[in-house]
Amino acid sequence: MSLDFDKLRRWPDVEAENLQAVDAADRLLLDLAAEAGWPGEPGRVVVLGDHYGALVLGALEAGMRGLRVHQDALSGVRAIDANAHTLLPELTGEYRHLPLGRELLEGAALVLVALPRSLDALEEMLAFVAEYAAADVTVMATGRIKHMSLSMNEVLGRYFASVTASLGRQKSRVLTATAVRPAAQRPAARFPLQAVHALGLPEPLQVRAYAQTFGGAKLDPGTRFLLEHLTLPGDAQHAVDLGCGNGTIAAFLALGHPGLTVRASDHSASAVASTRATAAANDLADRITAVQDDALASLPDASESLVVLNPPFHMGNTVHAGIALKLIADAGRVLAPGGELWCVWNSHLGYRGQLEKLVGPTRQVARNPKFTVTASTKR
């Protein structure tokens, strides 16, 4: 292959300048796909979970055209696009990003997968593949051996009659699945997950969650503590749920304040889909707008009066405390003078000083042994 993988970069570069954007698992999958033979027609290859673009660019460089691509995290989408524009600019029109579903997978002959850590996420992908791809589809899924388990083979076996494993190379392996099982032999659809939570509202809150939504349909204990103490001005008309996850906060706000509309945002496509499903389950689809965004990048400065945030401390499976500070800073940017950021955080992290700096005067609303709820007023 002539493509120089060493030039691939993570996104954003400033946070990952010295970290590789391609690994041995990507290289092994591309080599084995070439050995097996790429589909002869355009539009028959789908790539799922490509972290930074190695699989997409590798397939393009091998001559594949009309690729369909799904990557849950917005940072991954932007990494793929940035690397494509830098390394294969003439081919950027030969792939497109699509949500999990029929349009992504219909008629696919080869599906390349970067294995997710979550078995639920893998099962959700495979359910869509089995439902919509061509009857003779081949799935080739790769990962680092230390992150792989026999349970992944078992999940693949629920949807495909044949599952084989390649020899290991550079601590990586590829699982190949063929022969889609008939619908009657496949598991019943599980996603979105469903849960019901009593939160002191007139009716229990219905929560829905797709597989790559952090925490699933559970009620996060920090979120519960926040909602127990959250109060809004009586004339509040609009709120922002930043890092919306499964949509619990957005739905709680809308159910508890009938005149309120809510904008919910998250970097995860799965979280956005989950929030939309939660809104629909509570008859709130007309009052909750869920969008995929990099923090609140799509909102102008000083445009909002209320932001509610239970900040994550992870990016995928990696702990990354800087994410919370980025979200707090962007909330401070979009709040108009006098607007409020309501936030819950692990008490030992001591974020009050950062909230004062990035937003404005901050008061402690509630505290227990694990969580602190604060309200910060924009200067």
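Buried means under 20% relative accessible area, exposed means over 50%, and partly exposed lies in between (1.4 Å probe, protein chains only). This is a predicted model, where local features need pLDDT of at least 70 and side-chain atom pairs count only at pLDDT 80 or more, while totals for chains, interfaces and linings use all residues. Residues are numbered from 1 along each chain as its sequence is written, and side-chain values use heavy atoms, leaving out hydrogens and water.

Start with the aromatic rings. Rings of Phe, Tyr and Trp (its six-membered ring) pair if their centres lie within 6.5 Å; planes under 30 degrees apart are stacked, over 60 edge-to-face, the rest tilted. The structure holds two such pairs. Phe128 and Tyr132 are stacked, 6.4 Å centre to centre with 20° between the planes. Tyr132 counts as partly exposed because its relative accessible area is 22%. Trp345 and Tyr351 form a tilted pair, at 6.1 Å and 50°. Both Trp345 and Tyr351 are buried.

Leaving aside neighbours within four places in sequence, Val308 is in contact (heavy atoms within 4.5 Å) with residues including Leu230, Leu253 and Trp342.

Finish at Thr213. Thr213 is buried, because its relative accessible area is 4%. Beyond neighbours within four places in sequence, Thr213 contacts Gly245, Asn246, Ser270, Ala271 and Ser274.
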